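Please keep the sequence and the structure open while reading.

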Amino acid sequence: MKKTILSGMRPTGRLHLGHLVGALKNWSLLQSDYECFFMVADWHALMSEYKDPSKLKEHSIGNVIDWISFGIDPDKATIFIQSQIPEHLELYMALSCLTPLGWLERCPTYKEQLRELKTRQLNNYAFLGYPVLQAADILLYKSEVVPVGEDQLPHLELTREIAKRFNHLYKKNIFPEPQAKLTKTSRLLGLDGRKMSKSYDNYIGLSDTADEISKKVMSMFTDPQRIKRNDPGSPQVCNVYSYYKVFADDSVCEVVENECRMALRGCTDCKKEFTRILNDYLKPIQEKRKELLNDKSTIENILEKGRVKGQSVARTTMNEVRQMIGL
Ligand code: TRP
Ligand code: SF4
């Protein structure tokens, strides 16, 4: 029996290289060895996008198209949209009842949002319960492994606490205690060296054109100590080089490293070469994406198949939950 994995992404925009390196690569490596459920977390997205949710649907479908274009295989993994399986909200309610307020108020991601309140208007009731809904997502499928980034560890910790409390209160080990599976690939920073994020506008999108990518790569910071062309460089402090490490072969990285250290290559040429490498990497993904965009019925079928399969697991769990609580 394969172990079960559930992971999700909030459809707040188009995907960028950060998603690709942070999540999709990991997902695609896991999909053969685990029973995988990959979910568009649109209720979670609504918590921050409720004032203008007009793009949620478009982004949900767009993200799924990107997942599949990248190599997530709908024949291996179950792909679905959270809001299409209402059992998520049912379990969320049941878990809400037994989650102490203090656990949620102490959650670092919640505290961080409170600090950002002035700019982001996240003082809504639902946001406090964000991790409870995430726990419901995970526990509904009795998932044992959850591939996530480091920022999500507090939510996984809470999920385990909630699972234990449920098992204890209703005297049956229905839920496993899910473990996080951290992404191994090196982290990819944004163009400006901060975390790659839509809100910082420092990202390279999966669907950016070759021109856009070229402009963005050219704008990147390199080794700040390297002022003149014949100054030797230090690749380990250069953001462009860290991109090479993710997208180029080891042999190419070695050449770049040596030539940079010995001032045998200039940064402009180095960026041009990287632009070519990245465009070659993205080309097949973008072609597949175009194909799928013109083939709405394929995506609809995949999502319908995912909903049916996901819901059959979700219903089974919810029946058990109702029975245990005595509803
Ligand atoms: N909170 C996650 C994020 O922002 C998205 C998410 C929602 C998720 N439900 C999940 C991730 C369940 C893993 C498992 O990245
Ligand atoms: Fe970075 Fe390349 Fe310039 Fe070296 S030559 S500092 S690796 S961009």
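**Ligand sites and charged pairs**

A polar side-chain atom of Gln-152 lies 2.9 Å from a nitrogen atom of ligand 1. The model is predicted, and every value below is computed from it.

- Ligand 1 taken alone exposes 370 Å², of which the protein buries 90%.

- Two or more residues of the shell around ligand 1 come from each of β1 (4-9), α9 (130-140) and β4 (145-148).
- The element that gives the most to this shell is α9, with four residues.
- There are 14 residues around ligand 1, and those that come nearest are His-44, Tyr-130, Gln-134, Asp-137 and Gln-152.
- Sorted by class, the shell around ligand 1 holds seven nonpolar, five polar and two charged residues.

**Ligand 2: location and shell**

- Where does ligand 2 sit? Ligand 2 is found in the largest cavity.
- The residues that surround ligand 2 include four cysteines, Cys-238, Cys-260, Cys-267 and Cys-270.
- Arg-226, Arg-265 and Asp-223 also surround ligand 2, as do Thr-222, Val-240 and Tyr-241.
- Helices α12 (239-247) and α14 (267-293) each supply at least two residues of the shell around ligand 2.
- By class, six residues of the shell around ligand 2 are nonpolar, one is polar and three are charged.

**Salt bridges**

- How many salt bridges does a search of the whole structure find? The search finds 16 salt bridges.
- In one salt bridge, the side chains of Lys-172 and Glu-320 meet at 3.3 Å, N to O.
- This pair links distant parts of the chain, with Lys-172 and Glu-320 148 residues apart.
- Lys-172 lies in the loop between α10 (153-169) and β5 (179-182), whereas Glu-320 belongs to helix α15 (residues 296-325).
- Side chains of opposite charge can pair when their charged atoms come close.

Key. Residues numbered from 1 in each chain as written. Chains lettered and ligands numbered in written order. Predicted model: local features only at pLDDT ≥ 70, side-chain atom pairs only at ≥ 80, totals over all residues. Heavy atoms only, no water. Near = heavy atom within 4 Å. Polar contact = N/O pair within 3.5 Å; in protein donor to acceptor, adjacent residues only side chain to side chain. Areas by Shrake-Rupley, 256 points an atom, 1.4 Å probe, with all protein chains shown as cover. Nonpolar A, V, L, I, M, F, W, Y, C, P; charged D, E, K, R; others polar. 1 Å grid on protein atoms, 1.4 Å probe; cavity = no way out; pocket = protein on both sides within 12 Å on 5 of 7 lines; lining within 4 Å. Sits in = over half its atoms within 2 Å of the grid points. Salt bridge = Lys/Arg side-chain N within 4 Å of Asp/Glu carboxyl O.
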